[in-house]
Amino acid sequence: MGEEKSVNNYDIVYIGDSSNSNDDHSISDPTIYFRNISLFKELCLENDNPEAHYIEGILQYFVHKEKRKGLYHLRQASIGEYRNGTYLYGLLLLALEHYPKGKKYLDKLQWKENLSTSDYCWKRVKKTLSTIPAIMETRYYTAMVNLEPWTECHPDNMAEVCKHCYYSKRLTQFVQFAMNQE
């Protein structure tokens, strides 16, 4: 209770108060800095910040290999209407062969009316995941093959999509990207 630097003490003035000109952050204890970042992250998650859930979802799913936790946080990001979270959650559901649910989440981005939102989300997700090695799983490839449309609507043009091939092409993009991350 009386400890000034206790984990339960949220008074972070001792890190550095900009009004104190003698502050030198280069000699600060880095554990204090990282503890405060961790506390900030937890506060963001507790308050359902959708971007924090998106970041935590990526970390849990791809880095820590905690699939359930990762999917939970990505779903929370989607519930909070964070589009990149919605996109990645939908893609992962497709990759895990939960096709109806994955399609439902991708449809929230209204790709049938305006494909640009979906395209933008893919670029952002791809940029984020490009920093994480080895995201490919064999079952993603299986899901991609099983999702291929029966009709040959736009077989050679990844940019042209319709209701028959959109989901398959988006999952194919993801799988090809993941395979190149190896």
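## Whole chain

Of the 182 residues in the protein, 40% are buried, where buried means under 20% relative accessible area, exposed means over 50%, and partly exposed lies in between, with a 1.4 Å probe and protein chains only. This is a predicted model, in which local features need pLDDT of at least 70 and side-chain atom pairs count only at pLDDT 80 or more, while totals for chains, interfaces and linings use all residues. Residues are numbered from 1 along each chain as its sequence is written, and side-chain values use heavy atoms, with hydrogens and water left out.

Switch to a cartoon. The protein has eight helices and zero strands, so the order from the N terminus is α-α-α-α-α-α-α-α; helices (H or I, at least four residues) and strands (E, at least two) are DSSP runs, numbered from the N terminus. Among contacts between residues at least 6 apart in sequence, 59% join residues at least 24 apart, a contact being heavy atoms within 4.5 Å.

## The nonpolar core

Select F62, L129, Y140 and F174. These have the most contacts inside the largest nonpolar core, which has 43 residues. A nonpolar core is a set of buried Ala, Val, Leu, Ile, Met, Phe, Trp, Tyr and Cys residues joined through side-chain atoms within 4.5 Å. At least two residues of this core come from each of α2 (50-63), α3 (67-79), α4 (83-95), α5 (99-107), α6 (115-129), α7 (138-147) and α8 (166-180). Helix α4 gives the largest share, eight residues.

Now center on F62. Which residues is F62 in contact with, leaving aside its neighbours within four places in sequence? They are L88, L92, L129, I132, I135, Y140 and F174.

Select E56, in helix α2. Buried or exposed? E56 counts as buried because its relative accessible area is 8%. Beyond residues up to four places away in sequence, E56 touches K41, L45 and H73. Show the side chains of E56 and K41: a polar contact of 3.3 Å joins them. A polar contact is a pair of N or O atoms within 3.5 Å; within protein, one must be able to donate a hydrogen and the other to accept it, and residues adjacent in sequence count only if both atoms are side-chain atoms.

Go on to H73, in helix α3. H73 is buried, since its relative accessibility is 13%. Its side chain makes a polar contact of 2.9 Å with the side chain of H53. With neighbours within four places in sequence left aside, the contacts of H73 are L45, H53, Y54, E56, G57 and Q60.

Q60 is the next selection, again in helix α2. At 12% relative accessible area, Q60 is buried. Leaving aside neighbours within four places in sequence, Q60 is in contact with K65, E66, K67, K69, G70 and H73. The C-alpha atoms of Y72 and Q60 are separated by 9.5 Å, with the two residues 12 apart along the chain.

## Two loop residues with positive phi

Most residues other than glycine have a negative phi. Select K65, in the loop between α2 and α3: its phi is positive, near 60°. K65 is partly exposed, with a relative accessible area of 45%. Then select A134, in the loop between α6 and α7, where phi is also positive, near 55°. A134 counts as partly exposed at 37% relative accessibility.

## The second largest pocket

Finish with a surface view and select S78, I79, E81, Y82, R83, T86, K108, L109, Q110, E113, N114 and T117, the lining of the second largest pocket. On a 1 Å grid over the protein atoms alone, a pocket is an open set of points where a 1.4 Å probe fits, with protein on both sides within 12 Å along at least five of seven lines; lining residues have an atom within 4 Å of a point. Helices α3 and α4 are the elements that give two or more residues to this lining.

The volume is about 190 Å³, taken as the space filled by probe spheres set on the points, with grid points joined across faces, edges and corners. Color the lining by class: three residues are nonpolar, five polar and four charged. Here Ala, Val, Leu, Ile, Met, Phe, Trp, Tyr, Cys and Pro count as nonpolar, Asp, Glu, Lys and Arg as charged, and the others, Gly among them, as polar.
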